[in-house]
Amino acid sequence: MVMLTSALMMWTWPNLFQFDLLSGANSYFKMGLDETGLILRLVLYMIQCLMIMAFFTLLPRKPFVISHLGTKTLTIYILHGFIVKGLVAASYFDELTIGRVLFLPMLAAVLVMVFGRLPIRFQLLPYILKQNNREKKNKEKVSQSKKTLPKPNVRLI
């Protein structure tokens with residue numbers, strides 16, 4: 001119900017869900033809003049949180065046919081930004097028609113399948129795992145230093 005209500009709100013008030021308002025790229029004055037802009041943004045963020053929670057209720061509890069794609073979400077997340085920026089630059093979101101709205105989930109599914117492919121993942125793997133390798137080395141140093149520390153000399157009376 002939350003997702004359907006949110007979709008109905010987006011359909012009824014498309015100007016309410018402006019990219020500029022949600023991204024915080026422009027000031028309220030530049031967007032033609034006064035102090036109510038802050039309240040509007042907070043309400044939109046609350047709606048987004050509710051939609052995220054509603055989405056999580058739809059997730060299966062057991063492995064699913066496409067569950068393996070869940071291990072590749074960071075790569076997909078990083079790469080999808082380029083597509084979104086391209087769509088914004090092409091003014092795709094300026095006028096949302098039924099066809100354009102219905103096209104977005106199909107585009108999302110294709111992007112997940114394409115960006116989740118192994119060759120793309122392995123090309124980004126060194127950049128993604130760079131921090132993890134550094135953390136692993138630090139943990140090894142800490143564990144080695146704990147082994148070499150002398151035990152405190154405590155006498156019990």
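This is a predicted model: local features need pLDDT of at least 70, side-chain atom pairs count only at pLDDT 80 or more; totals for chains, interfaces and linings use all residues.
Residues are numbered from 1 along each chain as its sequence is written, and side-chain values use heavy atoms, with hydrogens and water left out.

Back to the pair. An axis is a line fitted to C-alpha atoms, for helices over the stretch in contact, and the angle runs from 0 to 180 degrees between N-to-C directions. The crossing is left-handed, that is, the near helix is turned anticlockwise from the far one by less than a right angle; clockwise would be right-handed. On the H1 side, Val2, Met3, Ser6, Met9 and Met10 take part, and they meet residues of H3 including Ile47, Leu50 and Phe55. Contact here means heavy atoms within 4.5 Å.

What is in the chain overall? There are six helices and zero strands. These are DSSP runs, H or I of at least four residues for helices and E of at least two for strands, numbered from the N terminus.

Now the second pair. The axes of H4 and H5 come within 10 Å and cross at roughly 135°. H4 and H5 are therefore oblique as well, and H4 passes H5 in a right-handed crossing. Among the residues making the contact are Ile76, Leu79 and Leu87 of H4, with Leu107, Leu111 and Phe115 of H5.

Which residues form the largest nonpolar core? Ile76, Leu79, Leu87, Tyr92, Leu107, Leu111 and Phe115. Such a core is a set of buried Ala, Val, Leu, Ile, Met, Phe, Trp, Tyr and Cys residues joined through side-chain atoms within 4.5 Å. H4 (73–89) and H5 (98–115) each supply at least two of the core residues. Tyr92 is in contact with Leu87, Arg100, Phe103 and Leu104, leaving aside its neighbours within four places in sequence.

Last, the totals. Of the 157 residues, 13% count as buried, meaning under 20% relative accessible area with a 1.4 Å probe, protein chains only. The chain exposes about 13,300 Å², and carbon and sulfur atoms supply 68% of it.

How values were computed: Buried means under 20% relative accessible area, exposed over 50%, partly exposed in between (1.4 Å probe, protein chains only). Accessible areas come from the Shrake-Rupley method with a 1.4 Å probe; for residues, only the protein chains shown count as cover. Angles under 35 degrees count as roughly parallel, over 145 as roughly antiparallel, 65 to 115 as roughly perpendicular and the rest as oblique.
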